2 protein chains.
Amino acid sequence: MLYLHIIIFTFLISSCSVPIEYSDPLPSWNDGNTKSSIIEFVNDVTDQNSSNYIKVSERIAVFDNDGTLWTEQPIYFQIQFVIDRIKEMAKDRPEWKEKQPYKAVLENDIKTLMSSGSEAIGELFVESHTGMSTTEFYKIGSDWIKKAKHPKFDRPFTDLIFQPMLELMKYLRENGFKTYIVSGGGQTFIRLFAEEVYGIPPEQVIGTLFKTELKEIDNKPEIVRLPEVFLFDDKDIKPVAIEKFIGRIPTMAFGNSDGDLQMLQYTQSGKGKRFMGLVHHTDEEREYAYDRDSHIGHLDKAWDEAIENNWIMIDMKNDWKVIYPFKLNK
Amino acid sequence: MLYLHIIIFTFLISSCSVPIEYSDPLPSWNDGNTKSSIIEFVNDVTDQNSSNYIKVSERIAVFDNDGTLWTEQPIYFQIQFVIDRIKEMAKDRPEWKEKQPYKAVLENDIKTLMSSGSEAIGELFVESHTGMSTTEFYKIGSDWIKKAKHPKFDRPFTDLIFQPMLELMKYLRENGFKTYIVSGGGQTFIRLFAEEVYGIPPEQVIGTLFKTELKEIDNKPEIVRLPEVFLFDDKDIKPVAIEKFIGRIPTMAFGNSDGDLQMLQYTQSGKGKRFMGLVHHTDEEREYAYDRDSHIGHLDKAWDEAIENNWIMIDMKNDWKVIYPFKLNK
């Protein structure tokens with residue numbers, strides 16, 4: 001009977017126990033301090049015997065989008081959408097030919113456009129993003145995202161997501177974390193692709209919000225987008241939005257610019273162990289290299305604070321084996 | 001060897017397979033049309049072979065709070081919090097003794113208070129709910145909720161939750177649904193107890209929001225509550241909030257009053273099969289009975305629409321075996 005018991009026991013172990021994975025959860029990350037910091041942190045806070053253990057329900061990881069989960073150069077991809085949309089709309093708006101900032105858009109004068117100030121750019125966002133139902137916006141946005149291409153890589157913008165960050169989010173979700181996007185970009189714009197490309201459902205996308213209202217259109221209740229910003233989810237408003245949408249201080253936060261500084265400080269302020277990371281764009285060849293002097297993705301104060309507080313600097317060039325999923329296995 | 005195989009096989013079946021539950025998922029619901037409608041709906045939309053199948057990621061159930069998940073009579077419990085808090089604060093505000101609506105509060109003159117208009121009551125909410133950090137509000141609210149008691153039942157307000165709705169939410173979660181609260185009540189107020197008593201985490205509580213700002217207090221970033229409503233989550237604003245916080249049209253929606261009408265209409269507008277239900281307070285003896293003539297929980301237009309659209313009316317008296325968890329097994 002002992003023999004039988006051993007057989008049954010062996011059988012049960014091999015059939016029923018959760019398989020132990022020894023495979024690398026972050027294969028596109030080079031071995032080194034960055035990768036081991038992440039893995040050690042996750043091992044620690046998910047270990048029930050650790051004093052740093054965090055309950056599953058409290059495991060929240062927040063990610064900036066532009067420059068953290070996908071490329072943001074030469075201009076934020078959503079600005080490219082604005083430009084393309086304004087050009088499309090200009091067919092019915094002949095007066096735009098002589099009116100700034102529309103003129104700059106129509107003449108592909110990006111320099112004039114980008115220096116036209118936040119109010120003018122805000123006007124372009126309002127024109128291109130509001131005055132329609134959410135349903136219509138999804139149609140317009142989905143059509144664009146299928147067709148539009150990045151000027152440098154000649155690929156859809158949704159190809160320009162960071163493979164190592166996809167692995168990181170997957171790894172965190174497998175360890176019980178809820179992964180959220182907390183972006184200065186438009187919430188509805190990001191929802192166009194977040195579930196498909198990042199595995200992040202709409203309810204975990206926090207971004208800049210326009211005012212909306214309920215309106216009956218063709219006997220159907222629709223949410224209509226109004227020409228007024230409701231919440232501009234950048235800098236000090238990121239923690240404000242996190243409190244409203246999540247209601248907990250995150251466990252981990254990842255950003256790449258000064259726009260993420262307050263989100264990382266807020267994350268750090270939580271009790272117990274926390275993880276703060278900044279993606280540093282150091283790879284001129286495979287992506288872009290920029291930091292303190294860049295207007296887009298300006299990384300200056302947040303970098304200083306990272307040094308002071310031992311936040312993890314993710315060095316794209318040295319920490320990442322591959323940048324984009326389409327470069328895998330090549 | 002055959003004998004051995006049978007033993008092993010039997011062992012594996014009993015040890016490894018997921019136990020099939022034939023037990024009633026809604027034991028506090030009487031058998032009848034209401035209960036079977038719910039169970040048939042859930043069976044249908046979770047059946048991969050059904051044409052009404054809904055993916056797990058899209059299974060969203062939204063619940064009003066006051067009158068749907070807990071009692072709301074004789075006054076909304078949050079109004080009791082306002083009253084108790086104003087009385088507490090009045091020690092440092094002697095001028096309130098002669099000033100309405102504070103005077104009515106201090107003199108327990110509920111009739112004058114309730115007829116003082118929404119602006120006056122709004123002022124009391126602002127006084128009692130803002131001007132402190134979220135951290136401080138949680139402290140104040142938690143202290144109150146531990147001590148305060150319902151005038152009729154002489155029990156903590158969190159005892160006055162509906163056992164059948166707890167079972168319903170658990171049943172839905174076990175079937176892959178995310179359960180959300182979408183309430184006209186204060187989001188932070190509901191977060192005080194929602195996770196403990198309903199199993200609903202803070203990120204799934206949508207309610208009325210005050211404006212907030214990030215402020216450094218004692219060298220720590222804090223979210224401070226400002227004296228201005230940011231989003232009043234009632235009537236037509238419920239769908240607006242659902243679109244912002246969830247970004248999908250819910251699969252199921254439960255309410256109890258005209259304040260929930262638009263949420264149910266919005267839910268109904270989604271493609272595919274949807275479920276809309278209204279809790280009808282018909283039990284004078286065990287809870288309260290009220291509908292068209294009640295100021296609190298006014299149920300009039302929504303009832304008419306329920307009849308017209310075959311929404312499910314949950315008849316407390318006839319559909320529920322027990323109302324409150326503390327009445328179980330008695």
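**Where chain A meets chain B**

**View 1. Polar links across the interface.** Between chain B and chain A, 18 residue pairs are in polar contact, with both residues at pLDDT 80 or more (N or O atoms within 3.5 Å, one able to donate a hydrogen and the other to accept it; residues adjacent in sequence count only if both atoms are side-chain atoms). This is a predicted model, where local features need pLDDT of at least 70 and side-chain atom pairs count only at pLDDT 80 or more, while totals for chains, interfaces and linings use all residues. Residues are numbered from 1 along each chain as its sequence is written, chains are lettered from A in the order in which they are written, and side-chain values use heavy atoms, with hydrogens and water left out.

**View 2. A salt bridge up close.** Here Glu195(B) pairs with Arg248(A), their closest N and O atoms sitting 2.9 Å apart. The rule (a side-chain nitrogen of Lys or Arg within 4 Å of a carboxyl oxygen of Asp or Glu) finds eight salt bridges across this interface.

View 3. Together, chain B and chain A bury about 3,600 Å², 62% of it on carbon and sulfur atoms (accessible area, 1.4 Å probe, lost on being put together, summed over both). On chain B, Glu203(B), Phe230(B) and Lys244(B) lose the most area to chain A, together 19% of what that side buries.

Notes
Buried area = accessible area lost by both parts, 1.4 Å probe.
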